[in-house]
Amino acid sequence: MSLLRQQGPVVAPPRAAPAEGRGIRAAGDKRGRRTQGLSTRTRHKGMGLLLIAPFTLLFLAFLVAPLTYAFWLSLRTSTLVGGDHFSWFANYKETFTDPHFLSGVRRVAVFGLVQIPVMLGLALLGALIIDEVTSRLAKVFRMTLFMPYAVPAVIGALMWGFLYSPTFGPVHSLSDALGLGKVDLLGHSLMLTSLGNIVTWQWTGYNMIVLYAALQGLPREVYEAAKLDGAGQIQTALRIKIPMISSALVLTLMFTIIGTLQFFTEPRVLEPTASSVITPDYTPNLYAYTLAFQYSEFNYSAAISFSLGAVVFIGSYLFLFAARKRSGLK
């Protein structure tokens with residue numbers, strides 16, 4: 001018997017898969033996992049875009065589009081003789097040389113220099129008081145001061161216009177009954193004071209809540225350490241609390257400055273009652289409103305609005321740049 005027959009049939013060893021086939025299969029698996037991961041990320045991204053789509057559409061339709069159209073109007077001039085033509089920045093040049101616009105800016109600046117420190121001082125004092133008081137009285141005091149902010153500005157101005165009225169207002173009648181004479185709160189000498197009282201009444205509670213929230217975020221261990229060192233409540237407030245909420249103070253001050261430069265609602269509501277004092281150019285916003293809706297000068301009115309916006313933006317940026325080192329803002 002031959003040697004081959006004794007050993008039996010020879011079984012061929014299993015043939016290994018070609019290296020090329022394994023590479024194709026491995027590459028296919030990786031591509032499948034990559035495609036699956038990419039599709040998951042794409043779905044998540046698409047869902048995020050779908051969720052913000054309503055806000056984006058409203059933002060574009062009611063803010064971006066009107067601002068773009070207003071800016072386009074500000075670059076044009078429309079006259080009966082020359083018609084409607086593109087004048088570039090001629091309206092802006094006229095704005096910063098217009099005595100009515102400049103007088104309104106000066107009046108608002110004087111108003112802010114007096115009213116803003118008074119309002120923020122009262123707001124800070126109220127926040128410090130309710131931060132110390134822990135009884136139910138603090139909740140009542142907090143809600144009472146915040147309540148005027150919940151009243152719409154138009155309704156608040158109408159209410160104060162009734163109180164200021166020299167014909168049927170209770171303030172005028174009370175002063176006359178007390179023998180103080182006739183106090184014309186809507187006259188030339190007291191108009192800014194009356195407007196400042198309205199704004200202070202309405203916005204002090206809002207700023208107080210912002211500052212109070214900042215005080216609530218401070219660590220209480222600092223107060224306990226100050227008390228152990230013998231510091232009283234006034235020293236703790238002046239040397240610890242106020243410096244530690246400087247960022248909140250800066251933010252409230254910045255928002256107040258922006259709101260003051262855009263002063264419009266209160267003088268517009270009181271204008272029919274005191275038309276001899278509140279003239280159409282009493283504030284820059286009131287001047288732009290009068291030009292647009294009473295004299296149909298939409299191009300120049302748009303230029304005034306954007307000029308005021310530029311003043312507000314530059315002033316706010318300079319203020320933040322000057323105060324960021326002290327306040328800790330970045």
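## Basis of the description

Contact means heavy atoms within 4.5 Å. The model is predicted, so that local features need pLDDT of at least 70 and side-chain atom pairs count only at pLDDT 80 or more, while totals for chains, interfaces and linings use all residues. Residues are numbered from 1 along each chain as its sequence is written, and side-chain values use heavy atoms, leaving out hydrogens and water.

## Helix α10

Helix α10 spans residues 233-244; helices (H or I, at least four residues) are DSSP runs numbered from the N terminus. Its buried residues (under 20% relative accessible area, 1.4 Å probe, protein chains only) are Thr236, Ala237, Ile240 and Lys241. Seen down the axis of α10, these residues fall within an arc of 130°, so they line one face of the helix; the arc is that of the directions from the helix axis to the C-beta atoms.

The buried residues of α10 pack against α4 (99-132), α8 (191-216) and α9 (220-228). On the face turned away from the buried side, α10 carries Ile234, Leu238 and Arg239, which are exposed (over 50% relative accessible area).

## Ser194 in helix α8

Helix α8, one of the packing partners of α10, contains Ser194. Ser194 counts as buried because its relative accessibility is 3%. Leaving aside residues up to four places away in sequence, Ser194 touches Tyr164 and Leu185.

## Phe59 in helix α2

Phe59 lies in helix α2 (residues 19-74).

Key
Helix = DSSP H or I, 4+ residues; strand = E, 2+ residues; numbered from the N terminus.
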